[in-house]
Amino acid sequence: MINKVVKNAHEALQGVEDGMTFMLGGFGLCGIPENCISELVELGAKDLTCISNNAGVDEFGLGLLLKKHQIKKMISSYVGENDEFERQMLSGELDVELIPQGTLAERCRATGAGIPAFFTPAGYGTEVAEGKETREFNGKMYVLEHAFESEFAFIKAWKGDTAGNLIFKGTARNFNPMMAMAGKITIVEVEELVEVGELDPNQIHTPGIFVQRIFQGTDYEKRIEQRTVTPKS
Amino acid sequence: MALSKQQIAQRIAQELQHNWYVNLGIGIPTLVANYIPKGIDIEFQSENGLLGMGPFPIEGEEDADLINAGKQTVTVLEGGSLFDSAMSFAMIRGQHVQLTVLGAMEVAQNGDIANWKIPKRMVKGMGGAMDLVASAENIIVAMMHTNKKGESKILKTCSLPLTGVNCVKKVVTNLAVLEIRDNAFYLIERAPGVSVEEIQAATEGDLIIEGEIPEMKFD
């Protein structure tokens with residue numbers, strides 16, 4: 001088996017430079033690559049383009065990079081939870097491209113699957129379709145959407161082995177598997193790094209072929225955005 | 001009397017059909033899950049990657065790795081499943097989900113809907129709404145009939161940036177149940193105690209009133 005293991009986030013992020021485009025997994029704060037984001041803050045890389053469904057909250061997730069003005073452009077589907085984000089966007093400091101969530105997911109998948117573009121009905125007749133090719137299939141209108149290019153993808157998985165095979169937990173899977181396919185260099189942080197042979201091949205969500213570097217993550221906070229509960233009766 | 005948000009949800013729940021897969025948006029739509037009629041089996045899909053979504057967890061059992069599309073902690077029922085975002089939207093685009101219930105800022109009589117952006121004031125993003133409205137077989141919009149200033153949100157033409165075109169077929173508001181066809185709103189039911197004249201006055205779009213309009217019924 002090809003060994004993909006690196007020591008930590010610092011070693012994993014070798015090659016990261018100003019002006020690069022990254023994909024970052026996660027939905028809200030669920031399944032975000034916390035260690036890689038901390039390391040990006042530490043490195044101070046700037047003028048970044050980040051492809052991520054959301055933009056974190058003010059003091060956590062991608063909000064940490066926004067606060068230090070490291071992001072030049074965000075490509076997301078929903079950014080409603082972050083005041084600093086809104087301030088930078090309305091003042092013109094931050095360039096923002098909003099994309100329908102399913103289109104974002106499929107563009108990530110297409111990137112890793114060797115599909116340069118595809119037609120989707122989402123956004124037809126709206127400002128999302130402006131300037132894009134449209135076409136009718138079976139009486140319905142569709143919009144042409146393209147794959148991305150991304151130098152690095154930062155992925156958070158639950159368990160991974162030294163060959164890069166990954167298993168996700170709960171809804172922390174979200175965008176991680178497609179983004180893992182799409183990065184030219186895919187970096188994975190895991191809660192539990194195990195030896196090859198310890199994961200059941202039947203249960204693997206992302207095969208190791210998509211992963212270039214993997215490391216044991218540390219100090220996960222796993223913040224909850226909306227803590228909703230049923231009271232004990 | 002105009003309906004409460006709970007009653008709007010309760011009225012929409014009457015539209016649920018046995019063995020449907022349903023996606024509920026944030027806000028009033030989420031409440032629909034509280035009013036599933038007896039004898040009807042429904043499985044809820046959350047577009048962040050969950051089918052068979054259950055109620056909020058018992059206090060102390062919440063899991064940061066198990067949330068719904070509104071980022072609330074939830075549970076997964078027996079028989080549920082978890083998947084990635086591309087798979088989730090394949091379910092939606094591929095019309096495997098039978099019903100989408102979502103909120104709106106404006107609806108127009110041609111079936112257009114606007115619910116994601118107020119230029120220069122609010123830009124949060126469309127999330128999954130554009131994918132949902134572009135593909136769902138059945139879309140029910142849950143909304144207030146008028147805005148806080150008393151202006152109609154049931155319009156001839158939407159003024160805000162659109163989420164989808166020609167897609168909404170049914171609207172349940174605090175005042176009425178409306179169906180959209182032939183480029184008009186058809187008044188189907190009134191909220192209990194609300195007159196046809198009141199609904200007419202609160203509706204900017206073309207409203208078609210055919211015969212006696214019954215009141216909504218709640219168990």
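Here are some questions and answers about how the words used for this predicted model follow from its values.

Q: Why is Pro201(A) called exposed?
A: Count its neighbours: Pro201(A) has 8 C-beta neighbours inside 10 Å. The cut-off for exposed is 12 or fewer, so Pro201(A) counts as exposed. You'll find Pro201(A) in the loop between strand E10 (185-194) and strand E11 (213-216) of chain A.

Q: How far apart are Pro201(A) and Asn165(A), in sequence and in space?
A: In sequence they are 36 residues apart, and in space 8.6 Å, going C-alpha to C-alpha.

Q: Which contacts in chain B join residues at least 24 apart?
A: Take the contacts between residues at least 6 apart in sequence: 62% of them join residues at least 24 apart. Beyond its neighbours within four places in sequence, Val141(B) is in contact with Leu102(B), Ala104(B), Val107(B), Ile113(B), Val168(B) and Val171(B). Val141(B) and Ala142(B) are also the residues with the most contacts inside the largest nonpolar core, which has 127 residues.

Q: How do you know that the buried residues of H3(B) lie on the same side of the helix?
A: First, who are they? Ser85(B), Ala86(B), Ser88(B), Phe89(B), Ile92(B) and Arg93(B) are buried. They cover an arc of only 155 degrees around the axis, which puts them on the same side of H3(B). What covers them includes parts of both chains: helix H5 (101-113), strand E5 (117-120) and helix H6 (176-182) of chain A, plus strand E1 (20-24) and H4 of chain B. Just after H3(B), Gln95(B) takes a positive phi of about 60 degrees.

Q: What makes up the contact between the two chains?
A: It takes 42 residues from chain B and 46 residues from chain A. On the chain B side, helix H3 (85-93) and helix H4 (129-135) each supply at least two residues. H3(B) gives the most, with 5 residues. By type, that side of chain B divides into 20 nonpolar, 12 polar and 10 charged.

Q: Why are E12(B) and E13(B) called paired strands?
A: Two strands pair when there are at least two bridges between them. Strand E12 (residues 170-172) and strand E13 (residues 176-181) of chain B are joined by 3 bridges, so they pair, and they run antiparallel. They form a hairpin with 3 residues between them. Lys170(B) stands opposite Glu179(B) in E13(B).

Q: What makes E13(B) and E14(B) a pair?
A: Use the cut-off of at least two bridges again. E13(B) and strand E14 (residues 184-190) of chain B are joined by 6 bridges, so they pair as well, again antiparallel. Glu179(B) has Tyr186(B) as its bridge partner in E14(B). This hairpin has 2 residues between the strands, and Asp182(B) takes a positive phi near 50 degrees there.

Note on methods:
Residues numbered from 1 in each chain as written. Chains lettered and ligands numbered in written order. Predicted model: local features only at pLDDT ≥ 70, side-chain atom pairs only at ≥ 80, totals over all residues. Contact = placed C-beta atoms within 7 Å. Helix = DSSP H or I, 4+ residues; strand = E, 2+ residues; numbered from the N terminus. Nonpolar A, V, L, I, M, F, W, Y, C, P; charged D, E, K, R; others polar. Buried ≥ 20, exposed ≤ 12 C-beta atoms within 10 Å, placed from the backbone. Arc of directions from axis to C-beta. Core = buried A, V, L, I, M, F, W, Y, C linked by C-beta atoms within 7 Å.
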